[in-house]
Amino acid sequence: MKAPSARGPALLVAACTALVGCESGSSGDGSSAPRRSGTVPVVASTNVYGDIVRQIGDDRVEVVPIIDDPAQDPHSYEAGTQNQLALSRARVVVENGGGYDDFVGRMLRGTKNSSAEVVNAVRVSGKTPAAGQELNEHLWYDFPAMGKLADRIAGALAKAAPADASAFRRNAEEFQGKLTSLQAEEARIKADHGGAAVAVTEAVPLYLTEAGGLRNMTPADFAEAVEEGTEVSPGSLRETLDLLTGKRVRALVYNEQTAGPQTEKVRRAAEDNGIPVVAVTETLPPGKDYVGWMKANVDALRRALEK
C-alpha cells in the first residue's frame with residue numbers, strides 16, 4: 001500500500017514514561033491504557049495481526065497494534081514514543097515482514113529489547129518470490145499462511161506464559177477451523193467460476209483471487225505503480241481501462257486505501273460498464289474481527305462473479 005504517510009500516535013505523558021512499572025496496552029483505538037497484571041504484552045505491526053493474536057491469546061494477552069488506521073501507510077510509517085515504549089516491554093512481537101513493515105525491526109532494535117519473541121509472518125509462511133518477481137507481502141489474504149501463523153503465535157505465547165499453553169493451542173485450533181471454512185468458500189468459487197478473468201488495482205487481494213481460481217488480467221506495471229505510489233504510464237492505464245470498457249473481466253477488485261486519480265478512473269470505467277466492483281482494504285475495518293472481515297471479502301467476490 002502506498003498512501004500519504006501519517007505520524008505516530010500521541011506521545012505518552014511524561015509522568016508515565018518516568019515511572020518504573022508503568023505499562024501500557026491498547027484500548028482498541030490505539031490509545032494507551034494500563035496493562036492488566038499477569039497478561040502477556042504483545043505488539044503487532046497492524047490491527048490485522050493484533051486481532052489474530054487476541055483470538056489466540058484471549059484475555060491472557062494485552063495487544064498494542066501499531067497501525068490501526070486505514071490512512072496510515074506501513075511502508076512510510078513514523079512511530080511515536082508510545083510505540084517505542086510498548087515495544088520495549090513486549091514479550092511477543094508480530095510483524096508481516098517482506099518489506100511491508102520494516103519500521104518494526106528498526107524500532108525494536110532502538111529499544112534494545114532483545115528478549116522479545118519476534119514472529120515474522122513471511123518467514124512463517126515459507127513463501128519466496130518466483131524467479132524475477134517480488135513477493136506479494138499481503139499475506140493476511142492467504143488463509144493457509146494465517147493458519148501457520150496461528151501455530152507460531154500460540155507457540156510464542158506459550159513460551160511467555162507456559163501455564164496457559166494449552167489454552168493458546170485450543171484457541172489456535174479453533175481459529176484454524178474458521179480458516180478452513182473460509183478455504184471451503186474459496187474452493188466453492190473455484191468450482192463455480194474457476195478461470196474467470198478479473199482485474200485488480202494492486203496486488204493486495206491476489207492470494208484470494210488465486211485461491212478462487214481466477215485469472216488476474218491487470219497489467220503488472222499498472223498494479224506495481226499503484227502500490228509504489230508512482231505515476232501510472234498512459235499506456236498501462238489505457239490497457240487497464242480497455243479490460244473494463246471491453247468487458248473482458250467479470251469483476252474489479254479495488255483497494256480503497258490507495259485511491260487516486262488513475263484508480264478512480266478505473267473504478268468509474270467498471271461501474272459505467274456494469275462490471276461489479278469488490279472493495280478491499282489492508283487494515284481491519286472498525287467493528288470487524290479478522291474472520292468476519294475475510295468472510296465478507298470472500299462473499300463479496302462470489303456475489304460479484306454471480307452477477
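**Reading strands and helices in a predicted model**

User: Which elements make the right-handed β-α-β unit?

Analyst: β9, helix α11 (residues 261-272) and β10 make that unit. A crossover is right-handed if, with the strands pointing away from the viewer, the path from the first strand over the helix to the second runs clockwise. Helices (H or I, at least four residues) and strands (E, at least two) are DSSP runs, numbered from the N terminus. This is a predicted model, in which local features need pLDDT of at least 70. Residues are numbered from 1 along each chain.

User: In which sense do β9 and β10 pair?

Analyst: Two strands pair if DSSP finds at least two bridges between them. Here strand β9 (residues 251-255) pairs with β10 in the parallel sense, over four bridges. Leu-252 has Val-277 of β10 as its bridge partner.

User: Where do the side chains of β10 point?

Analyst: In a regular strand, side chains alternate between the two faces of the sheet. In β10 (residues 277-280), Val-278 and Val-280 point to one face and are buried, meaning under 20% relative accessible area with a 1.4 Å probe, protein chains only.

User: At what angle do α2 and α12 cross?

Analyst: Axes are lines fitted to C-alpha atoms, for helices over the stretch in contact (heavy atoms within 4.5 Å), and angles run from 0 to 180 degrees between N-to-C directions. The axes of α2 (residues 47-57) and α12 (residues 290-306) come within 9 Å and cross at roughly 125 degrees. Val-48, Asp-51, Ile-52 and Gln-55 of α2 make the contact with Tyr-290, Val-291 and Trp-293 of α12.

Key
Predicted model: local features only at pLDDT ≥ 70, side-chain atom pairs only at ≥ 80, totals over all residues. Heavy atoms only, no water. Buried < 20%, exposed > 50% of the residue type's maximum accessible area, 1.4 Å probe, protein only.
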